[in-house]
Amino acid sequence: MADQRVENEMKELFSGFSKLDRKDRLHRLVKMGALTAKDVEFLNQGSPLSTDLAEKFIENVIGYYQMPLGVVANMVIDGRAYAIPMSVEETSIVAAASKTAKWIRERGTLTTEVVGNTVIGQIQIAKVKNWDLLESVFEFRKKEWIDLVNSDVAKGLVARGGGVQSLSLRQLDRPDGELMGVLHVYVDACDAMGANVVNQICEFLKPEIEVATGEEVTMCILSNLVDSKVTKAKLVIRDVDPEMGEKIAEGSLFAQLDPYRATTNNKGVLNGIDPILLATGNDWRAVEAGVHAYAARDGQYRSITRWTWNGTELVGEFEAPICVGIVGGVTRLHPTAKMALRMLGVESANHLSRICAAVGLVQNLGALKALTSVGIIEGHMKLHISNLTMGAGATEAETPILQKRLEEILRLTRRISLNNAIDVLKEMRQSNVHNLASHK
Ligand code: MEV
């Protein structure tokens with residue numbers, strides 16, 4: 001439950017938020033300090049950014065691909081109120097997160113933490129010539145290598161409180177019976193996601209390692225499986241209907257035991273995370289890869305969330321690496337990403353990572369609640385109807401009538417498809433022609 005000050009703030013900002021028109025929504029966000037007047041001006045342009053800017057980001061640019069940007073309402077994380085920016089194409093994600101967040105705001109507590117502080121770089125020696133020598137040189141030189149990196153290529157990081165913290169050597173058995181050596185470089189990348197700096201550090205170390213060990217380094221690259229820095233979120237909800245609590249726990253157990261269900265469960269969690277990554281200019285592919293690998297860390301792909309019901313409280317936990325940055329990449333270059341980071345008021349990369357974990361857990365709860373009660377169709381498809389209406393090619397005048405008819409079909413049959421929309425629209429047009437003809 002949010003404390004009184006946060007609750008008042010939330011009420012002022014979000015009551016009736018989804019029913020407001022866009023102008024009033026923006027007005028509320030400005031009033032609460034989540035957006036500035038300049039941000040509103042920028043958002044109101046609604047048109048693509050300059051293609052010159054796009055040319056700076058990628059190659060062979062031909063234009064922009066635009067995605068909607070929405071705001072998750074009601075989210076209270078670690079006692080603090082947030083307006084969460086989400087960029088996503090799927091209907092119902094923002095609505096489901098906002099609705100579930102309201103429930104939590106009233107009856108729950110959502111807390112987060114990041115455990116560990118380093119990301120990992122890998123230096124591969126494909127075929128080790130002399131393992132014993134490699135191992136002993138590594139043990140003898142590792143401290144010296146750390147100091148060298150920290151006084152050179154990682155100097156900037158050290159000045160900000162980060163840098164290389166440790167090195168380790170791993171041995172992998174090759175299929176041809178020989179040994180592969182992998183050096184892990186553990187780097188505190190501070191507020192960067194770490195890809196660039198970690199790759200630079202590993203490449204800096206390559207000649208040092210080759211000269212000292214007589215081995216040949218094959219490649220250097222960061223690892224997206226960051227099990228050395230894991231983000232956790234925990235949600236405790238009180239006054240839950242016991243039947244609902246039990247069913248949500250059963251739904252969660254399903255995802256713990258079965259990789260087919262775990263995959264969909266985790267997709268639903270990532271529904272809450274990826275749109276924030278996109279809005280803030282973060283590398284969502286890196287996070288996705290890391291999350292899925294972490295989900296399979298014991299050899300079977302499992303859920304990254306877990307829900308338990310103890311008879312009085314429903315407790316949800318999220319645990320996975322969410323390696324993000326608030327400096328580097330396009331986070332400070334893309335105007336929308338800059339604005340999204342400002343909206344969140346993030347103070348560090350870890351702070352952003354904790355927000356992502358919290359929203360992912362909330363999104364998961366929303367999905368499980370729907371799946372174990374009314375089913376997913378109700379909430380999901382109702383909103384999807386407006387897409388179907390558009391997909392069928394309805395005009396502005398036809399849209400409300402078609403939507404109404406599709407809602408009726410959904411209510412009666414509990415299913416709806418693009419074919420329904422096309423058929424109903426055809427019928428509507430035919431009966432219009434017929435009516436016009438009979439009035440002549
Ligand atoms: C759909 O985008 C996400 C869900 O399938 C997630 C889940 O099944 O938990 C509803």
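Is Phe-14 buried or exposed? With a relative accessible area of 4%, Phe-14 is buried, where buried means under 20% relative accessible area, exposed means over 50%, and partly exposed lies in between, as found with a 1.4 Å probe on protein chains only. This is a predicted model, in which local features need pLDDT of at least 70 and side-chain atom pairs count only at pLDDT 80 or more, while totals for chains, interfaces and linings use all residues. Residues are numbered from 1 along each chain as its sequence is written, and side-chain values use heavy atoms, with hydrogens and water left out.

A pair of aromatic rings is described by the distance of the centres and the angle of the planes. Rings of Phe, Tyr and Trp (for Trp, its six-membered ring) pair if their centres lie within 6.5 Å, and planes under 30 degrees apart count as stacked, over 60 as edge-to-face and the rest as tilted. Across the whole structure, a search finds two aromatic pairs. Phe-14 and Phe-17 make an edge-to-face pair, with 5.1 Å from centre to centre and 85° between the planes, and Phe-17 also counts as buried, at 7% relative accessibility. For Phe-138 and Trp-145 the ring centres are 6.4 Å apart and the planes stand at 50°, so this pair is tilted; both Phe-138 and Trp-145 are buried.

We turn now to the sheet. Strands of a sheet pair through backbone hydrogen bonds, either parallel or antiparallel. Here four strands form an open sheet in the order β5-β6-β4-β7, with antiparallel pairing; helices (H or I, at least four residues) and strands (E, at least two) are DSSP runs numbered from the N terminus, and two strands pair if DSSP finds at least two bridges between them. Because β5 (163-173) and β7 (219-223) stand at the edges with a single partner strand each, one side of each is left without a neighbour in the sheet. Strand β4 (residues 119-125) pairs with β7 in the antiparallel sense over five bridges, and Gln-124 stands opposite Met-219 in β7.

Two helices lie across these strands. Helix α6 (residues 131-151) lies across β4, β5 and β6 (179-188), and runs at about 160° to β5, whereas helix α8 (residues 195-213) lies across β4, β5, β6 and β7, running at about 35° to β4. For such angles, axes are lines fitted to C-alpha atoms, for helices over the stretch in contact, and the angles run from 0 to 180 degrees between N-to-C directions.

Next come the cysteines. A disulfide is a pair of cysteine sulfur atoms within 2.5 Å, and a search of the whole structure finds zero disulfides. Cys-220 is in no disulfide, and the nearest cysteine sulfur, that of Cys-202, is 5.6 Å away; Cys-220 counts as buried at 13% relative accessibility. Cys-356 is in no disulfide either, with the nearest cysteine sulfur, that of Cys-323, 11 Å away, and Cys-356 is buried with a relative accessible area of 0%.

Arg-261, found in helix α10 (residues 259-279), counts as buried at 14% relative accessibility. Leaving aside neighbours within four places in sequence, Arg-261 is in contact (heavy atoms within 4.5 Å) with Phe-254, Ala-255, Leu-368 and Leu-371. Val-433, in helix α16 (residues 418-439), is exposed, with a relative accessible area of 55%.
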